[in-house]
Amino acid sequence: MSRAGGSPEMSPSGSLGGRSQRTLARTRRRASRRRFLAGFLAQRSGVAGLAVLGLFAVLALLAPLLFDSAQLDVTRATGAGLEAPSGEFWLGTDENGRPVLALVVWGARVSLVVGLAATLISMVIGTLVGIGSAHFRGWFGGLLERITDWFLVIPFLPLAIVLATVLGQSLVTIIAVIGLTSWPGTARLVRAQTLAVEARPYLERAKVLGGGDWHQMTRHVLPNVMPLVLANTTLTVAIAILSETTLSFLGLGDPFRISWGTMLDNAFSNGAISSGAWWYLLSPGLCVVAVVLAFTLVGRALEVVLDPRRTSS
Amino acid sequence: MSLLEVRDLSVTYRTAGGLVPAVRGVSLTVEAGQSVGIAGESGCGKSTLAASLLRLLPSSAKVGGSVLLDDEDVYTMSFGRLRAARWAEAAIVFQGALHSLNPVHRIGRQIAEPVLLHDSTVDGAAASRRVSELLDQVGLPARMAKSYPHEVSGGQRQRVMIAMALACSPRLLVADEPTTALDVMVQAQVLALLDGLVRELRLGLIVISHDLSVLGTSCDRVAVMYAGRLMEVGPARQVFDAPTHPYTMALSAAFPTVGDPVARRAPRGLPGDSPYAGDLPPGCPFEPRCPMSVDECTSVDPVLVPAGAAGQLAACIRVGQEVPR
Amino acid sequence: MTAVVAAPAVLAVRDLEVGFRTRGGRRALAVDGVNLAVAPAEIVALVGESGCGKTTLARAILGLARPSAGSVLYRGEELDYSRRGLKAYRRAVQLILQDPTGSLNPRHTVYDAVAEGLRIHRIAGNERDQVIGALSRAGLRPPERYFLRYPHELSGGQRQRVVIAGALALEPSVLVADEPVSSLDASVRGEILALLLRLRDDLGLTVLVVTHDLGLAWNIADRVAVMYLGRIVEVGSTEQVLGDPKHPYTRALLSVVPEVLQVEPIVLVGEPPDPTRVPAGCRFHPRCPALAGGSAAPVAERCRAEPLPVLSIEAGHHAACYLAPLD
């Protein structure tokens, strides 16, 4: 609303000096970063989500210091099988007598890595395909759209199972499978947003100024699509972590690494439910819920903060 | 007794940035069979004024003064009474006819809706008779009741909106920018329709527009608004042709007379922009852009005083003084 | 016949046709045979109702729409539609759109918006000085104060000036302005129009204004071309076309403009024309008040059946009407 725009970075011309637009761009970037940070801090749920994520990230990073990897060795387990939580084993033990707490902390590493890496793949493919299919009308755009539709209607689990079987069970396979199957949603979203941006008159103006496809996409479409993609990323991370859990639970995970999914799988197959070993099931389960929820909260907050309409008030 | 009497109306919005006065002390009367135009630029408060007449403002707005509809204060009415008054006594045609119609319902059903809502004795057959009657009144064929909004043109949609507003035979019609986004030829058609309704049904009509030239030729009286205030009021033709307030002069000159040698290759406008309602200058709000301001203008906030022809009022301390033009 | 356009035209279209496909899949012509020449430093207004093809014609002139027949000529040469050809052409011919708010990327500052063209064309020289020059020519002074502002911090008039500055930075020879002031406040309108006039006088810019506003044409245009259903129906100097209209459509259009006092309004019946259903004979005959009123009786047969020829590109006052020579 305010037209005055007397923001502090609007210093008199003197300080902008002859040092050209680089100084200018830096000033502007600093200002927008400040605005972004202030906006995000105002979103309480987002800050809470970020705190939870930070905690898990720190635990994952410090896992080797907190729990000697020797504790994960089945042959050197110190406790008895399926021991209930106690002063020695805070979260009890698994069927081999390993402490569940150590497993959960080590499992966070795999779950987070899979979640983030798969999301990165999914975002890159989704954004490229989405922008491409909206920007290039004609056969190329049509082809990209059909491919998106095709991936969208393929049921995730059967495809994932087939891919995991063909490519072999490893962490890389899991990441690839999740990444390659979760992008169509993003592509759809990006395509819709790109179409909206391309209908704006400033794209026409850029065209008449002589800007080619590359210019239009990098200078106008991408900056206006990225906030949405970024907000969507957090939701995709949540889905990827859940997918990793699902695949591992189905026994398609990497058998040599501990993740929350493999823990759940082991708990299930070793009769944790029938023997009442709730700590074994609940610990990884709650971790999954907490991380997924935290990512979702951060995503929501980002969506609000990055909405361009917000900055105009 | 006037059909509508607005007395010293003020509307203030509470915003995060403080109080924003959108309408400041506006008085206005509309008689049956009379059309009054309210002219002003974006942000001058004219749409807030229109909404305030029927108590359609958001809860963040604080209203002062009074709006008398047939001598009954709209702001002291019970909600039930207000609901009845909103269609049966005064109806509003909103800006943006293109988006105000529901795309999934046939036009006939949308026109019948207020009829059925306000009179429980009306049955389906009577309602559809009323719809044909209303369509005829706005110059559309009765078969259009079976069409969907996307099947008719912009001008026709505007007519449908007017038919909807007429559904409960109101005595006052408020039209907010009824011709914006319409072509000149269609605009002329819609204005002729509104004019006919005022004469035939003895409606009171308030037309809100940014285009003084349209109001000057189609209304009986015109009020010019700037920064929430009425700057000039008077007989429409008179205000448009012989304005006395410098702001009205500028507005009038902004719409040149085709064929007038003075306007040829000489577009005229005002430097600067309208003030933001939350940050008004002291004294006359128009002073910063006024080509004939004097020192006194920065301290005195002028009130409407008789100026020019009979019935013409202007809020300017220089009115009546010999002003070099 | 009269002489051909005196000065060599900087911009011309010859027998231009631009087609489009309707939702039903039918082909129709938005521009259906147009000849027009614009001389250097001339301001030409293209007026008509929405759907008459004036915006499509402007887009074709900018190379944004490909003609299905005929050609666009810049300095006598046909438009080169190759990527490189268009890019070069767009240094010379620039566009001002109706909606200045939408024309500016909300995430770009004023500086970036004005420098955009300079960067695209990698124009040599000090970018900052060029931006300062363009902003001050567009009337935003002192320019440095606007550098870091975002579009939403500016008023409508200032935004339109930023768009104009962005075009001026490329030092074009032609500006195509599509309804440049119709979304601006009345009191700001005159200032923007005065700016266009000044740019013509100071820089020798050629301006093609697309508008429905006859008052605007009277304010700034040297010549006026009236379009109806894809064709130019009347063309001539502003004084001729608006002062002494020959075509019944121009007369009707003028009569409904509130700013024209002396005449009784001729409100045309019926809805705006539809390019998918072009009437036989004269395109205007179903709505023509002269035909309905009987004053066109001597030529009525021809109005209904015989198509009118496309108006030629020659200078002078022309109207596509069987009545025009009889006047």
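How many bridges join β6(C) to strand β7 (residues 174-178) of chain C? The first legend takes up this pair. The model shown in every view is predicted.

**View 1. Strand β6(C) and its partner β7(C).** 4 bridges join these two strands of chain C. The strands run parallel. One facing pair is Ile96(C) and Ala177(C), the latter in β7(C). Strand β6 of chain C spans residues 93-96 and is covered on both faces. Val93(C) and Leu95(C) lie on one side, and both are buried. Strands of a sheet pair through backbone hydrogen bonds, either parallel or antiparallel.

**View 2. Leu29(C) and its surroundings.** Find Leu29(C) in strand β2 (residues 27-38) of chain C. Is Leu29(C) buried or exposed? Leu29(C) counts as buried because it has 21 C-beta neighbours inside 10 Å, and the cut-off for buried is 20 or more. Leaving aside residues up to four places away in sequence, Leu29(C) touches Glu17(C), Val18(C), Gly19(C), Gly230(C) and Pro275(C). Now look for Val10(C). Val10(C) and Leu29(C) are 19 residues apart in sequence. In space, their C-alpha atoms are 26 Å apart.

**View 3. Chain B as a whole.** Chain B has 10 helices and 12 strands. Its radius of gyration is 21 Å, close to the 20 Å that the globule rule gives for 325 residues, so chain B is as compact as a globular protein of that length. Along the principal axes, the C-alpha atoms of chain B fill a box of roughly 70 × 50 × 40 Å. Of the 325 residues in chain B, 50% are buried. Take the contacts in chain B with a separation of 6 or more: 62% of them link residues 24 or more positions apart.

**View 4. The open sheet of chain B.** Trace the 8 strands in the order β6-β7-β8-β3-β9-β10-β12-β11 (chain B). The pairing in this open sheet is mixed. Which strands of chain B are the edge strands? They are β6 (90-93) and β11 (305-306) of chain B, and each pairs on one side only. β11(B) pairs with strand β12 (residues 313-314) of chain B in the antiparallel sense, over 2 bridges. Here Val305(B) stands opposite Ala314(B) in β12(B). Helix α10(B) packs on the sheet. This helix touches β3 (35-39), β9 (221-226) and β10 (229-235) of chain B. The directions of α10(B) and β9(B) make an angle of about 105 degrees.

**View 5. Two domains in chain B.** Domain 1 of chain B covers 4-89 + 172-282, and domain 2 covers 96-169. Their centres, taken over C-alpha atoms, are separated by 26 Å.

**View 6. Where chain B meets chain C.** The contact takes 34 residues from chain B and 35 residues from chain C. On the chain B side, α7 (184-201), α8 (212-218) and α10 (246-254) of chain B give two or more residues. That side of chain B divides into 16 nonpolar, 12 polar and 6 charged residues.

Terms used. Residues numbered from 1 in each chain as written. Chains lettered and ligands numbered in written order. Predicted model: local features only at pLDDT ≥ 70, side-chain atom pairs only at ≥ 80, totals over all residues. Contact = placed C-beta atoms within 7 Å. Nonpolar A, V, L, I, M, F, W, Y, C, P; charged D, E, K, R; others polar. Rg over C-alpha atoms; globule rule 2.2 N^0.38 Å. Buried ≥ 20, exposed ≤ 12 C-beta atoms within 10 Å, placed from the backbone. Pairing = 2+ DSSP bridges. Axes fitted to C-alpha atoms, helices over the stretch in contact; angles between N-to-C directions. Domains from an automatic or database assignment.
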